[in-house]
Amino acid sequence: MSELGEQIAAKVEAFVREVVIPYEKDPRVETHGHGPSDELVQELRAKAREAGVLTPHILEDGSHLSQRDTAIVLRKSGLSPLGPIAVNTMAPDEGNMFLLGKVGSPEQKQRFLEPLVSGEARSAFFMTEPAAEGGAGSDPSMMQTTCHQDGNHWVINGRKAFITGAEGASVGIVMAKSDDGACMFLVDLPDPAIRIDRVLETIDSSMPGGHAVVTIDNLRVPADQMLGTSGEGFKYAQIRLSPARLSHCMRWHGLAERAQEEATAYACKREAFRKLLVDHEGVGFMLAENQIALKQSELMIDWCAGVLDTGAHGTTESSMAKVAVSEAIMQVADNCVQIMGGTGVTGDTVVEQAFREFRAFRIYDGPTEVHKWSLAKKIKKAQLGAAK
Ligand SMILES: Cc1cc2nc3c(=O)[nH]c(=O)nc-3n(C[C@H](O)[C@H](O)[C@H](O)COP(=O)(O)OP(=O)(O)OC[C@H]3O[C@@H](n4cnc5c(N)ncnc54)[C@H](O)[C@@H]3O)c2cc1C
């Protein structure tokens, strides 16, 4: 890690602990059960701007911190579920900013990236489609949303599901299929041709706007709003994929650390059977296992970040990191709930939310089984060669 990365991480940690955590009990944290209100988002961002910690992973000159430095900064931002929202390191904006920074044209960056970096706008990434209609999910090649060129425009039609933050976003990245293959488009939101049918009720609750089912009905997009060229959409998705996947690990690792802090404090204060809970071996072992799992996860994140810093796509490494970290922190959160007894399942501490958020994390950005399946295919290929 660089000294600069350490300094930014320390500033972010202080801001999250002193300013953001007290907001966790604010009634605007869950609007209709679907994430913080935009009023709260902007209030928190104003404070982050004032404290000099807004969008801390992108520097004044537009350059991005190394992935290793990003890891320590994003982990600190994740100490509260509201932290990434406050300092603008949250999903899906962080991944969308990364993608736009890599493949956007200068005009596209000015129009769509700058409002995201300044924290004024939110964005959404439209890839998944309703399972009941046979659309893209674990297998993106099942994409049904179509696009075709009509003069100087592209016309897009289809249905999307689980689109995080679609409600309230002003920038969208929409994936659709042309005769050439997958394409990506930058769109202004809201647009009457992109209709939010409903916001899903989900187990998690941290993300502003929730997760929407959307109908795209004859959306006309000027040709210069295509990201890159027709048929290259999956290539660009690949650029976003590994860093975005890893940044989820970074943020949620921060929240898992916080859950462990809460469980430790409880176990070191609460007594049962005339001694502190921590002195009961069953409880002490759970805390010890958590500490081991958190350190292993941290090392896995740093290892994968180091691979990405070489310029490699890191597809295999980010798959391994995503499985290892999401599964490990799920167990950490479960242990924390158990250690805290009844209190663990209440909304009185952040432990209950950590448990819910990590459950969803085992599914998005590739379910555990899909990563294992893809790793197994690579293992087989390495052993038997491409022919089998
Ligand atoms: C909270 C949340 C937020 C999301 N946000 C977004 C978003 O902003 N934008 C977006 O485009 N999408 C988003 N998604 C969608 C997410 O990417 C998909 O849910 C995910 O890709 C899985 O697709 P699916 O739900 O259709 O599951 P399915 O494809 O139906 O798979 C179901 C299960 O089948 C198993 N499975 C599938 N393939 C294999 C295999 N090859 N080997 C073994 N087992 C397999 C896995 O256990 C998997 O969980 C979000 C999802 C959630 C839950």
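I begin with a crossing: helix 5 and helix 7 cross in a right-handed sense. Please bear in mind that this is a predicted model. The two axes, of helix 5 at residues 93–103 and helix 7 at residues 233–267, come within 9 Å and cross at roughly 145°. Which residues form the contact? From helix 5 these are E94, G95, N96, F98, L99, K102 and V103, and they meet Y236, I239, R240, P243, A244, S247 and R251 of helix 7. Sorted by class, this contact has 7 nonpolar, 3 polar and 4 charged residues.

Is Q67 buried or exposed? Its relative accessibility is 7%, under the 20% cut-off, so Q67 counts as buried. Beyond neighbours within four places in sequence, Q67 is in contact with F98, P243, M250, A305, L308 and D309.

Finally, the chain overall. It has 12 helices and 9 strands. The C-alpha trace spans about 80 × 55 × 45 Å along its principal axes. For 388 residues, a compact globule would have a radius of gyration near 21 Å, and the chain agrees, with 21 Å. Buried residues account for 53% of the 388. Of the contacts between residues at least 6 apart in sequence, 74% join residues at least 24 apart. The chain exposes about 17,200 Å², of which carbon and sulfur atoms supply 54%.

Methods. Residues are numbered from 1 along each chain as its sequence is written. This is a predicted model: local features need pLDDT of at least 70, side-chain atom pairs count only at pLDDT 80 or more; totals for chains, interfaces and linings use all residues. Side-chain values use heavy atoms; hydrogens and water are left out. Axes are lines fitted to C-alpha atoms, for helices over the stretch in contact, and angles run from 0 to 180 degrees between N-to-C directions. Helices (H or I, at least four residues) and strands (E, at least two) are DSSP runs, numbered from the N terminus. A crossing is left-handed if the near helix is turned anticlockwise from the far one by less than a right angle, and right-handed if clockwise. Contact means heavy atoms within 4.5 Å. Ala, Val, Leu, Ile, Met, Phe, Trp, Tyr, Cys and Pro count as nonpolar, Asp, Glu, Lys and Arg as charged, and the others, Gly among them, as polar. Buried means under 20% relative accessible area, exposed over 50%, partly exposed in between (1.4 Å probe, protein chains only). The radius of gyration is taken over C-alpha atoms; the globule rule is 2.2 Å times the number of residues to the power 0.38. Accessible areas come from the Shrake-Rupley method with a 1.4 Å probe; for residues, only the protein chains shown count as cover.
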